[in-house]
Amino acid sequence: MSFLNWMLLGGAAAFTLPLLIHLLNRSRFQLVDWGAMHLLESALQANSRRMQWQSLLLLLLRCAIPILLAVALARPVLTQWRIPGSGGDKSIVLLIDNSLSMDRASTVDPSTCFDLALKQAAEILGQQSATTEFSIWTIGGVPTDILVGTTFDRRRALAKLQALRGGAGSLLVQTALAAGLKQSQQMQNANREIIVISDFQSGDWQGFNDSEQTAWKLRVAAEAVPPRVVLMNIEPAAARLTNLSVDLVALETPVIVAGQSFPITADVRNHGNTVVEDATVVLQVGEVELTSRRISIPAMGKTQVVFACQIDSPGQHDIEIHVDDAFGVSGDNRVYHVVDVRNSIRVLIIDGQPTAPLLKRSSGYLSLALSPFQGPEATKNYAITHSIAANQIKPQVLNEHDVVIMADLPRLENSAAEAIAAFVNQGGGLLLFAGNALELNWYNTQWGATSKSPLLPAMYNTPPQAALPKNTSALPDSKIKIQSSTIAHPALKEFARPGAGDLASVEIRRVIELQLDDASPAAAEVNATESQVIMRLESDQPLLVAKRYGEGEVLQFAIAADDGWSNFPLRPAFVPLMQGLVQWLAAGTNSEHNLTTGQAVTLFPNKGREVASDAKPASSTNIDVVFTTPNGEPISKTLPADSPVSFDETAFPGIYRVSRGQGNQPESLFAVNLPAAESKPQTLATSELQELARALDATQASTTATYFARESLRNNGRELWRILILALVVGLFVELWLQQRIARGAA
């Protein structure tokens, strides 16, 4: 045991005062003998013994009172509670949660949870010694080192702390803790601590599973100087659940053409326990508000909103949908999306009979389906078609188009075949139709799975034959239908709806058998790299197969594009089907411009079909790149011209802009949105947080007072002055009671 104010122990000498008073009072008594004394002698002896031990007890209490007071003022400490190595200079890593959920109003403070977190962090910094080393990280979206290293300057740390802002993306727990541990390893003092200040939102922390918790615990234990971990929960479990959020469901059109109206769908979600009436949802493009809707959202439910949007100028545009929310957090009230608007879809048709009359050549029906409007109404067409012969195929010609269609083409020159393969890998779309003139062996050899430039989703198996199930006689008038119940690919969304399209009237008379790997899936997955059967005949034979190659995609039909093999080109379903397939192929891979917080914004040099396949690489010179964040802050970097341009500081949602060179290149836009789970305000229950602390070998603290009390215990040991003061108060009451008892007995 030790004393923090040992000099005050001298006050214990005050116990001599009641002792002296007692001794002096004893000398004042006189013995007087009187005649009847012998009659009371036995009673007096009994009372005398009782009064003696009561007086002795009262004397001991009166002596103990000043001793207890003096010892309490000296602040005794049980040093057995002190943790070895916890004293001395300290290194602290502050991990501050600045995710969107921290922007909600606090239930224990008039400000937001994030403001409360900053206040508590400032109190922790402000009460440290001059030898304490600090590191501050924000851990919402992307863990960010605010101080870019460490500092011993409390004023600098506090200034940086006050400049922080909330509303970032979801907290990635494992990544954040790993960043804090790595920073702790690089700090100077042996007494190290990682403090996590968060509201412990359920959506973030429940994803930190048992195996990850165990791995973290073992990793900390393996460190040469293991840091202590403190979980500071600045907010109790959320009782009031009020928040609206908006999510973009889909753009119904894969390619947007200038001047053409297209639908856009969003879900507005209510995370609260009460119905929200008359919420206003707004659609805007850039800074221009196009239209709005007023909706009601059920409690803990959603309402879907469909807007008709039209953009008249080509190029990249940012679309924003937002909903008014007066009570919840504001960061998830907006969803952003970047679209690439084109003047038209440029379709190149390569035909084996390019000079034949329109409806006598294989591609004639395709040209009419893709460009049905003529004359003054031609601007209504989504696509502009251009037909050429096989000997006109050049890389430069291909790169001027978005989609290439090959209809009943016998074969190609090797150079043309390689140019088309390069076109697809760079993001182009290829649509293959069968026909009587097809040389199947050439296609299998040139573009098959084992070829130098694979391009076929499926191998051609046999010559054209009647489209009948196996072991069935092939009759001249045999006909087969298309399965409509299995259609699920996004390119065929119009035909996946009950009663949509007119596929029931399509009759197939001849088909080429397409051979796929048995492991190929029947259901379409947009991002799958294996071959996918997206349309089948009722005989279960593949009718349309898709596969991605590089940045582009190939669709392969088992029938011809004219009316020789089927009545499909004569049916109403042919036009929307061909337009939908061409739009899908023209879209390519545009997802890299629409990201989630934490994902890197990346631009690749010479990517896409703008550069011919035989173009020389750019020279390795440096270019100036300016990244502009959603709040308008420009961040300049100088990077090699032939290297990817990457920016990973995407912790906050919004539109990021990238400018390259000296302004001679158009600005590139990137939309960064919050994960949907970040809008849910539920936090870990008290029992869940306690279990998490046990799993991580961490301590909990809900306030800075609790934190500093535990730090004092850890560094100094258990102080006993509160117990002594309590004993003193009890002693005073006992002394008063005993004195009155003795007085009543004497009377």
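This is a predicted model: local features need pLDDT of at least 70, side-chain atom pairs count only at pLDDT 80 or more; totals for chains, interfaces and linings use all residues.
Me: In which order do the strands of the open sheet run, and which stand at the edges?

Reply: Strands of a sheet pair through backbone hydrogen bonds, either parallel or antiparallel. Here three strands make an open sheet, ordered β8-β10-β13, with antiparallel pairing. β8 (244–251) and β13 (302–310) are the edge strands, and each has a single partner strand, so one side of each lacks a neighbour in the sheet. From one strand to the next, the twist averages 25 degrees.

Me: How many residues of helix α11 are buried, and which are they?

Reply: A residue is buried when its relative accessible area is under 20%. By that criterion α11 (residues 440–447) is mostly covered, with six of its eight residues buried. The buried residues are L440, W442, Y443, N444, Q446 and W447. They pack against β18 (403–407), α10 (414–425), β19 (429–434) and β20 (459–460).

Me: At what angle do α10 and α11 pack, and which residues meet?

Reply: The two helices, α10 and α11, pack at about 55 degrees, and their axes are 11 Å apart. α10 is therefore oblique to α11. The crossing of α10 and α11 is right-handed. From α10, N414, A417 and I420 meet W442, Q446 and W447 of α11. By class, this contact of α10 with α11 comprises four nonpolar residues, two polar ones and no charged residues.

Key:
Residues are numbered from 1 along each chain as its sequence is written. Side-chain values use heavy atoms; hydrogens and water are left out. Buried means under 20% relative accessible area, exposed over 50%, partly exposed in between (1.4 Å probe, protein chains only). Helices (H or I, at least four residues) and strands (E, at least two) are DSSP runs, numbered from the N terminus. Contact means heavy atoms within 4.5 Å. Axes are lines fitted to C-alpha atoms, for helices over the stretch in contact, and angles run from 0 to 180 degrees between N-to-C directions. Angles under 35 degrees count as roughly parallel, over 145 as roughly antiparallel, 65 to 115 as roughly perpendicular and the rest as oblique. A crossing is left-handed if the near helix is turned anticlockwise from the far one by less than a right angle, and right-handed if clockwise. Ala, Val, Leu, Ile, Met, Phe, Trp, Tyr, Cys and Pro count as nonpolar, Asp, Glu, Lys and Arg as charged, and the others, Gly among them, as polar. Two strands pair if DSSP finds at least two bridges between them.
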